[in-house]
Structure formats: structure tokens, C-alpha cells
Amino acid sequence: LFLFLQSQLSQALNGLSDRAKEAKEFLVQLRNMVQQIQENSVEFEACLVAQCDALIDALNRRKAQLLSRVNKEHEHKLKVVRDQISHCTVKLRQTTGLMEYCLEVIKENDPSGFLQISDALIRRVHLTEDQWGKGTLTPRMTTDFDLNLDNAPLLQSIHQLDFVQMKVPPPVPAPPILQLEECCTHNNSATLSWKQPPLSTVQVEGYILELDDGNGGQFREVYVGKETMCTVDGLHFNSTYSARVKAFNKTGVSPYSKTLVLQTSEDTQSEEQTLPFPVPLERSQLRRMSPFSSTLNLQPSFPGRSYFELRSSAHQLSLHSSLQSLNSAGELIAWFSFDPASAHADIIFSNDNLTVTCNSYDDRVVLGKTGFSKGLHYWELSIDRYDNHPDPAFGVARIDVLKDAMLGKDDKAWAMYVDNNRSWFMHNNSHTNRTEGGITKGATVGVLLDLTRRTLTFSINEDQQGPVAFENLEGLFFPAVSLNRNVQV
């Protein structure tokens, strides 16, 4: 029996040894796969970067060609107009000379001398008048550039640029469910909570929360992120809002949840109260007729992106932010674009008002949409084009700053203007702190507005440019730039 059992154990160990050997070989295979995945990833990333860089280079070459065509059209128009100016000037000088001579002849008291030359002069006057015939005083060239860049197909192709996948995409998410027991209002803040339907197995990448303006107007996004709870501050007191939420993933966006109605507290002096959703419609009388005029933000415990872009002209100066989010460090971010409404008429906008240039050789001012009155703010501007060594200026300004002069020429702006070699600070037309180091195409100008310390500091390509530029700043400031047609930012 002992020998028999010993033989069975030995046979079992042989089988187990074979499995262990196979497991070791499998582990070697898996480790090789890890190495191969890493190598393939590096190779694939390099290929992807090279392909995208090739597309960017092709686009830059095409941009240069199109700009060359614009410049040729510009020179052609100028030549035609200047030639017409020269021709008209010569004819006008000849006409004026003939008129002056005829006036002197008319003054002549000798009838015989007048009779000798009068017929010839009359013919010459009629001939000169005929030369100013129809079309002579009409411009031969229009000032408009009859060029319209058809970028829609390219933009569509860029948006459709993706990896070729053979997998079937997942379905879009189901509509989220607002959790009424966790939704409430507090003074002029509202907290909303939602979840996916219990039986839903579709992957969700994030949610979009929307509120109307408290006056039955259209909905605006106030939160985009992965969280399922959001607190929105800065609503009007004594107002009624509607809220809804939808989910999204790589495939698309779900339908909206059911719309809820919420009521904020009576006024800032009323007792604090918390109201559950939904508020009965009979209590939802609209008492405030203006849109949001104060800051919307997220509580730090709910990361994501929150924004609201409605602006009221009557309360424009009370706005601190029109688009806000929290970054990974929990800091509040205020996104903004350039503002066509407050810019000089010569400013040209593109790229959803994120890019500006100018159609004038003179400096023109454009402001950002968002004003700041407190806190620490930093933004960067990229120099897309820089020709013929202009002096663009970057900084902050009041809403009523001069728009037809370099930023800093009046007392409503605090700026740094810079060329390709050096920079100066300027406020109220006072130039200070000349500093070596300029900008070129592709440079990045940073603006640091610290309204806690009340200072303004500038940087170029992430290096501080000169000392602290301005101190003792107080009030409402808008991001500002001045530039001419030789610069695009």
C-alpha cells in the first residue's frame, strides 16, 4: 500500500510539474506581450504624431499659399486705385490750368484779341469737359476682397478624423433620473443630483446639466463632467428655474431627463430655507425678468466644467465670470473668448472668437468677454502671425478703454507692448521698464492678474518679462489686446 500510494503521488507530481512548466512558459509569453505592447505603443504614437504633423505642415503650406493670394489681390487693388489717383490728378491739374487761363482771357479788354482765340478756347473747353465723361469719376476697383475661404469640407474631415475600428460602437446612454430626495435649493443656490436607470448597463462618460435663465428662456449648459451631483451658485433670488440633465459617451448623447422646476429664496434678507424639487407649478410665478447677472460656480467637491454665458447690459459690470470650471487642483477656472460687442470695428474675429487680427495698419483694441474684480487669474495668448515687427500690446482694461489706440495710451488700460527685441510697460501713455526679450511667431504671452495682491505681471514663453508691471490695481478688469493687421493672436 505504501509503495502504491507513493507511486500515485509521484504520478500526480509529474502532472502538476507539467502544469507548472506550462504556467512558467505562459508567464514568459505574457511578459513578452507586455514588452511588445510597450514597443508597439511607442511605434504607433510616433506614427500618429508624424501623420498629424504632416497634416499640420500641409495646412501651414496651404495657409501660406492662400495668404500669398490675398497679398497679391491686395497689391493689385492698391495699384489700380493708385493709377486712377495719378491719372485723375494729372487731368485735374490740366483742367484747373485751362480754367485759370480762360478766366484771364475773359478779363481781356481787347475785343480783337479775344475774337482771335475765343473759338479755339471754346472747343478746347468742350473737349476737356467731354474727357470727364461717364465713368471717369467712378472707382475702377472695389474695396471688398471677393474671396471666401471654403473651409467647411476640411473642418468636417478633421472632425471625422479617427482610427478605423472594426468594433461595433456601444449604444448611447439612457436618460438620467433626477433624484428628487437629494435635490434642493438654498438661498440663491441649487443642488441637483441624478443617476443612471437601475437596469442600464451602457457605459457613461459624463453628464451635461442645463438650466434656463429663470425667466422661461432657452436652456444653457451649467455643468459638464463625470459627477452625478452639482451645486450652482449665483442664481437670482425669488426666481423660478427649470433644470434637466443628459448623459453622453463616445457614441453620442442620451435624451434629456424629465424637466424639474425649482424656486430660489425670496431675497437676500429672508430666512435661509431649503426647498425640495419639484416646486408645484402654482407656486412658480415669474417675478424677475432679467437673465443671470452674477457669477455661477461649482462647489469644490464637485469637479467638472460649469458655465453660463448670458449677460445683462444693465448689470454687465457686476459679472465676474461667464464660464467657469474646476481643475485637478480644485482651482476655479474662468474661460473666456474675445468680445465682438466691445471691440473696435476694424478687429477681425475667427475660430469662434478665440482668434483675432485687424484690417487696419493702426493699433486697435479688443477685450475679453469676462471681467475680473477679485481673485488670482492667469491666461495666455499665442502669437499666430507676426509680420514686419509690429508692437502688439497685452494686458487688462476697463470696459470703456479707448479702442482706436495702442493699449495703455489712456488711463483705462495697463499693458505691456512688445516688439521682436524688447518690451515696455505702459499706462496713461507713460512708458516704463524697458526689458530685453521680444516675441516671434509662435511665442506665448502670459498675463498674471493678482487682485488679492493687486498686481499685474507679464511673461513671454513662461519666463517673467521684467519686474512686477503694475501695483495697487482695484476694480473690474477685462483681458485686453491691441494689434494691427501684421499680428494675429
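Tryptophan 194 is buried, and tyrosine 223 is buried as well. Both belong to a predicted model. Their rings have centres 6.2 Å apart and planes at 50 degrees, so the pair is tilted. A stacked pair would need planes under 30 degrees apart, and an edge-to-face pair over 60. The two residues come from distant parts of the chain. Tryptophan 194 lies in strand β3 (residues 189-195), and tyrosine 223 lies in strand β5 (residues 220-225). Tyr207 joins them: ring pairs link Trp194, Tyr207 and Tyr223 into a cluster.

The search of the whole structure finds 7 aromatic pairs. Another of these is formed by phenylalanine 372 and tryptophan 379. Here the rings are stacked, with 6.0 Å from centre to centre and 25 degrees between the planes. Are these two residues buried or exposed? Phenylalanine 372 has a relative accessible area of 2%, so it is buried. Tryptophan 379 has a relative accessible area of 8%, and it too is buried.

Aromatic rings also meet charged side chains. Lysine 91 lies over the face of tryptophan 132, at 4.7 Å from the ring centre. Arginine 244 places its charged end over the ring of tyrosine 256. The distance to that ring centre is 3.7 Å.

Now step back to the whole chain. The protein chain has 3 helices and 26 strands. Of its 489 residues, 37% are buried. Consider the contacts with a separation of 6 or more: residues 24 or more positions apart account for 61% of them. The chain exposes about 30100 Å². Carbon and sulfur atoms supply 54% of that area.

Strand β18 (residues 393-397) pairs with strand β25 (residues 478-483) in the antiparallel sense, over 5 bridges. Alanine 393 stands opposite serine 482 in β25. Glycine 395 stands opposite alanine 480 in β25. Strand β19 (residues 413-418) also pairs with β18 in the antiparallel sense, again over 5 bridges. On that side, valine 396 stands opposite tryptophan 414 in β19.

How many of the residues of β18 are buried? The count is 5 of its 5 residues, and the strand is mostly covered. Its side chains divide between two directions. Ala393, Gly395 and Ala397 point one way from β18. Phe394 and Val396 point the other way. The residues in both groups are buried.

The other open sheet has 4 strands. Their order is β16-β22-β23-β24, and the pairing is antiparallel. Its edges are β16 (376-382) and β24 (463-464). Why does each edge strand have an open side? Each has a single partner strand, so one side is left without a neighbour in the sheet. Strand β22 (residues 444-450) and strand β23 (residues 455-460) pair in the antiparallel sense over 6 bridges. Within that pairing, valine 447 stands opposite phenylalanine 458 in β23.

Glycine 234 is found in the loop between β6 (229-232) and β7 (240-248). Is this glycine buried or exposed? Its relative accessibility is 10%, so glycine 234 counts as buried; the cut-off for buried is under 20%. Asparagine 187 is 47 residues away from glycine 234 along the chain. The C-alpha atoms of these two residues are separated by 9.5 Å.

Definitions and conventions
Residues are numbered from 1 along each chain as its sequence is written. This is a predicted model: local features need pLDDT of at least 70, side-chain atom pairs count only at pLDDT 80 or more; totals for chains, interfaces and linings use all residues. Side-chain values use heavy atoms; hydrogens and water are left out. Rings of Phe, Tyr and Trp (its six-membered ring) pair if their centres lie within 6.5 Å; planes under 30 degrees apart count as stacked, over 60 as edge-to-face and the rest as tilted. Buried means under 20% relative accessible area, exposed over 50%, partly exposed in between (1.4 Å probe, protein chains only). A charge sits over a ring if NZ of Lys or CZ of Arg is within 6 Å of the ring centre and within 35 degrees of the ring normal. Two strands pair if DSSP finds at least two bridges between them. Contact means heavy atoms within 4.5 Å. Accessible areas come from the Shrake-Rupley method with a 1.4 Å probe; for residues, only the protein chains shown count as cover.
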